[in-house]
Amino acid sequence: AKEPIRVLVTGAAGQIAYSLLFSVAKGDVFGPDQPVILHLLDIPPMMGVLEGVVMELMDCAFSLVREIIPTCDEQQAFNDIEAAFLVGAMPRKEGMERKDLLAANVKIFKSQGKALDQFAKKTVKVLVVGNPANTNAFICSKYAPSIPKENFSAMTRLDQNRAQSQIAFRLNVPANNVTNVIIWGNHSSTQFPDASHALVNVNGTIKKVGDCLNDDAYLKGEFITTVQKRGAAVIAARKLSSAMSAAKAACDHMRDWWNGTTEGQFVSMAVYSDGSYNVPADVMYSFPVQIGADRQWKIVQGLEINDFARQKMDLTGQELKQEKEDALSVCQD
Ligand code: NAI
């Protein structure tokens, strides 16, 4: 039998965590034979709510869950963890300036970066979900110098899943039949959802999505804006931000990182940029990646980038550079 692994979820009393914990505890991410010790971090005022979440987790009688540790203490939360879902972040409140929001999050992710550096396993895989996810992941990594930069990532998988699903519904095929849709850049409205390399399985034959849809205007227009604005559309309808789908995406992201991607397929993750495709280096930029059994991601190289894509990839890259500079300017040290 496998030894249990310690998995941290922050923002554990929040909405995304409520769905995420269910899937992690069930074995959807680390496998049906991998026991887990769940570390649940939230802030002191949420400890009562978190107690309720712990009760429900117990009441699910998941056999993979060996221990549950609810806490508001970072040392306890980050101690010996092998995987971290950093979901908790400061939400934007009415009248709050962008700069204030950024400063509040820099503070959180600086502190959590230091805690990772001191207490986590050096092989820990970190997925930042809390917004602004890319820049939060950058700050977190900056303050955890003893952990390889490659171990930090931010989530654009929800955007990828949204894009994949839009195309699958349009082509009337199951979502899984659509692969290799790419999200480039920032998890924000400047992201570039790119279907130009996407494939679709139609009755067992692999075809290019572009050839099947045969609607360039859609792929360069409505498709992109629908995905870019989907988060806002869900908020407008639900009066709450995406939670079930965000949790599903976080599971997909970590599962593929842990187990590797399928041969010939790629997935999008915001990772430490080496300047591939001439986008800015030294920011957390979402790229198509492939992951092997060694749990190391590699940016897919050699994809053809046309002028339309170039412009969109640069725009979102510029935004990330600016966000990073703004974040660094409130870092102090
Ligand atoms: P929520 O407000 O329901 O829950 C957030 C939880 O985080 C709260 O319980 C809060 O007390 C906690 N928290 C705040 N500061 C913390 C800290 N320093 N340490 C530990 N916990 C802390 O929010 P929800 O809906 O669960 O969303 C969480 C985050 O995920 C938000 O920042 C949201 O913008 C982001 N998000 C990102 C997506 C992506 O695709 N990357 C998609 C959807 C949401």
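This is a predicted model: local features need pLDDT of at least 70, side-chain atom pairs count only at pLDDT 80 or more; totals for chains, interfaces and linings use all residues.

Student: How many residues surround the ligand, and which are the closest?

Tutor: The ligand is surrounded by 28 residues, and the closest are Gly11, Gly14, Ile16, Gly88 and Ala89. By class, 17 residues of this shell are nonpolar, ten are polar and one is charged. Helix α1 (residues 15–26) contributes three residues, the most to the shell.

Student: How many residues does each domain bring to the contact between domain 1 and domain 2?

Tutor: The chain is divided into domain 1 (5–154) and domain 2 (157–324), and their C-alpha centres are 24 Å apart. Domain 1 brings 24 residues to the contact and domain 2 brings 25 residues. On the side of domain 1 that touches domain 2, the elements giving two or more residues are α1, β4 (83–86), β5 (125–128), α5 and β6 (152–154). That side of domain 1 has 14 nonpolar, six polar and four charged residues.

Student: How should I read the packing of two helices?

Tutor: A pair of packed helices is described by two quantities, the angle between the axes and the distance between the axes. Consider helix α6 (residues 157–171) and helix α11 (residues 244–259), which pack at an angle of about 105 degrees with their axes 8 Å apart. Helix α6 is therefore roughly perpendicular to α11.

Student: Which residues of α6 and α11 meet?

Tutor: From α6, Arg157, Leu158 and Asn161 meet Ser245, Ala246, Ala249, Asp252 and His253 of α11. The residues of this contact of α6 with α11 comprise three nonpolar, three polar and two charged.

Student: At what angle do helix α4 (residues 98–119) and helix α5 (residues 133–142) cross?

Tutor: The axes of α4 and α5 cross at roughly 40 degrees and come within 7 Å. The two helices are therefore oblique to each other, and the crossing of α4 and α5 is right-handed. In α4, the residues Asn105, Val106, Phe109, Lys110, Gln112, Gly113 and Leu116 meet Asn136, Ile139, Cys140, Ser141 and Lys142 in α5. By class, the contact of α4 with α5 has five nonpolar, five polar and two charged residues.

Student: How do the axes of α5 and helix α12 (residues 307–329) cross, and within what distance do they come?

Tutor: The axes of α5 and α12 come within 10 Å and cross at roughly 50 degrees. This makes α5 oblique to α12, and α5 passes α12 in a right-handed crossing. The residues in contact are Asn134, Thr135, Phe138 and Ile139 of α5, together with Leu320, Glu323, Lys324 and Ala327 of α12. Four residues of this contact of α5 with α12 are nonpolar, two are polar and two are charged.

Student: What should I look for in the backbone itself?

Tutor: Most peptide bonds are trans, and most residues other than glycine have a negative phi. In this model, the peptide bond from Asn131 to Pro132 is cis, with omega near -5 degrees. Pro132 lies in the loop between β5 and α5.

Student: Which value of phi does Asn180 have, and where is Asn180 found?

Tutor: Asn180 has a positive phi of about 60 degrees, although Asn180 is not a glycine. Asn180 is found in the loop between β7 (178–179) and β8 (182–184).

Methods. Residues are numbered from 1 along each chain as its sequence is written. A residue is near a molecule or strand if its C-beta atom, placed from the backbone, lies within 6 Å of it. Helices (H or I, at least four residues) and strands (E, at least two) are DSSP runs, numbered from the N terminus. Ala, Val, Leu, Ile, Met, Phe, Trp, Tyr, Cys and Pro count as nonpolar, Asp, Glu, Lys and Arg as charged, and the others, Gly among them, as polar. Axes are lines fitted to C-alpha atoms, for helices over the stretch in contact, and angles run from 0 to 180 degrees between N-to-C directions. Angles under 35 degrees count as roughly parallel, over 145 as roughly antiparallel, 65 to 115 as roughly perpendicular and the rest as oblique. Two residues are in contact if their C-beta atoms, placed from the backbone, lie within 7 Å. A crossing is left-handed if the near helix is turned anticlockwise from the far one by less than a right angle, and right-handed if clockwise. Domain bounds come from an automatic or database domain assignment.
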